[in-house]
Amino acid sequence: MTEELGKRPFVRPLFLWILGICGAVYLPAAWLIGGLPFISLLILRIWRGKPSDYPLYTNRHSWGIVFALLFFSLSVGYTLFRLRYPASNEVPVWQAFCEACQFELLQTIDLLDLSDSDKSVLATLTLGYRAEMDWLVKRRFSLSGAAHILSVSGFHVAVVYVFVRHLLFFLPDKSQLRYLKYGLLLAAIWLFTGMAGMEAPAVRSAMMLSIYLIGKMLRRLADSYNTWAATAFCMLVYNPFYLFDIGFELSFVAVLSILFFYKRIRAWIPLQNPWIQTLWDWVAISLAAQIYTLPLCFYYFGEVSSVALLTALPVTFLSTFLIPAALLWMVFTALGWNWELLAQLVTLLTSSFCLFIDRLGRIPALSASIPFTPLMLSLLYAFLLSVTWYIKRKGFLPLCLSLAFLLLFSLSLVVYKLFL
């Protein structure tokens, strides 16, 4: 475990920072109870003798505890400060520019031969503008298992990234021109993220891609888990209350689940045909993302789509073409160039997409028979983490913990059903 954490230096600060945020929100005196007294005692313990008696590296564990408590106190104090003095509501210049760009692009959607409902879906799908979306349409997306596509997330940012990268094919990766190429890619994904409203999942994806691109620019290898932890840490430093945003939670949990389970699920069916392999890859990604996100979905929404796995591939396929085509057409139209053939393609893809969602959105969802409590959620995640530990390391202890947490979760369901 120590070796694994050593490879990912952002994991420990992230854990401490999250503990501090939770302590500040749920226990405002946490920095007094769990921070300063212990820090004072430890500092006195370390510096009780001559300085030469306590060199830094011979007492590195004690110093680690001191650092952890200091970091915890810093997180608590910073979160309490943000609670007392919220961020200013003044819109930054760059955000005002992104909103102006979004407004200009939204005006072009009215030129398409689509119903108002389909136009609202297109505006939400491409620019994250939900103001005009009907509740019934949102419900259909939820029942079809495609609600995530309405929130500008990592998928949208990845599609934009791949599209722009293909447009910049003439700039090689192995020359000095890579700085220009990666700079343009960074500008494109952050401009899109800004126009989409800087939602937590999109910011997460943009930051992870930024770390990846900067690493490529500097010719450095990146560890996916460390990148994930660094992104979460930076976002929570910027805004500690992202931690309680549903989009933030689902996005990071889904990525963590994909990082661990995707390759293992992919290996279930070894394939030689590249086209079939691509289809299986998308299915494997969908399955992997569901493992860690299902408990949160039941906790927050009380239900999950019964056809999510069936819709994942068609929705991903249509969106992969629709998002870049629609954005390209919007930009061309806003600049005064009306490309009729592209407009027809966007209209056809949008209509097909909405029709597909409308049909599958009539199938009832799978609902939980009882509401999920925080205790149930904690026990279920403890079970999943124990199973993850068992898959990674094997051994008797993780197996026993998995069975124990599963038993406790089952007992909590029985107790709630019988007595509450």
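The model is predicted, so local features need pLDDT of at least 70 and side-chain atom pairs count only at pLDDT 80 or more, while totals for chains, interfaces and linings use all residues. Residues are numbered from 1 along each chain as its sequence is written, and side-chain values use heavy atoms, with hydrogens and water left out. Helices (H or I, at least four residues) and strands (E, at least two) are DSSP runs numbered from the N terminus.

**Helix α8 and its ends**

- In α8, which spans residues 135-144, the buried residues (under 20% relative accessible area, with a 1.4 Å probe and protein chains only) are Val137, Arg140, Phe141, Leu143 and Ser144.
- Seen down the axis of α8, these buried residues fall within an arc of 165 degrees, taken from the directions from the helix axis to the C-beta atoms, and they therefore line one face of the helix.
- The cover over the buried residues of α8 includes α7 (116-127), β1 (303-304), α15 (308-334) and α16 (340-360), where contact means heavy atoms within 4.5 Å.
- At the start of α8, a side-chain oxygen of aspartate 134 comes to within 2.9 Å of the backbone nitrogen of leucine 136, and just after the helix glycine 145 adopts a positive phi of about 80 degrees.

- Leucine 150 belongs to the loop between α8 and α9 (154-167), and it counts as buried because its relative accessibility is 6%.
- Although leucine 150 and threonine 124 are 26 residues apart along the chain, their C-alpha atoms are separated by 5.8 Å.
- Apart from neighbours within four places in sequence, leucine 150 is in contact with Thr124, Arg130, Met133 and Phe141, and Phe141 is itself one of the buried residues of α8.

**Packing of α11 against α13**

- Helix α11 (residues 200-217) packs on helix α13 (residues 246-266) at an angle of about 40 degrees, with the axes 8 Å apart, the axes being lines fitted to C-alpha atoms over the stretch in contact and the angles running from 0 to 180 degrees between N-to-C directions.
- That angle makes α11 oblique to α13, since angles under 35 degrees count as roughly parallel, over 145 as roughly antiparallel, 65 to 115 as roughly perpendicular and the rest as oblique.
- From α11, Ala200, Pro201, Arg204 and Met208 meet Gly247, Phe248, Ser251, Phe252 and Val255 of α13.

**Threonine 193 in α10**

- Threonine 193 lies in helix α10 (residues 178-195) and counts as buried because its relative accessibility is 0%.
- Not counting residues up to four places away in sequence, threonine 193 touches Val157, Met198, Ala202, Val203 and Ala206.

How values were computed: Buried means under 20% relative accessible area, exposed over 50%, partly exposed in between (1.4 Å probe, protein chains only). A polar contact is a pair of N or O atoms within 3.5 Å; within protein, one must be able to donate a hydrogen and the other to accept it, and residues adjacent in sequence count only if both atoms are side-chain atoms.
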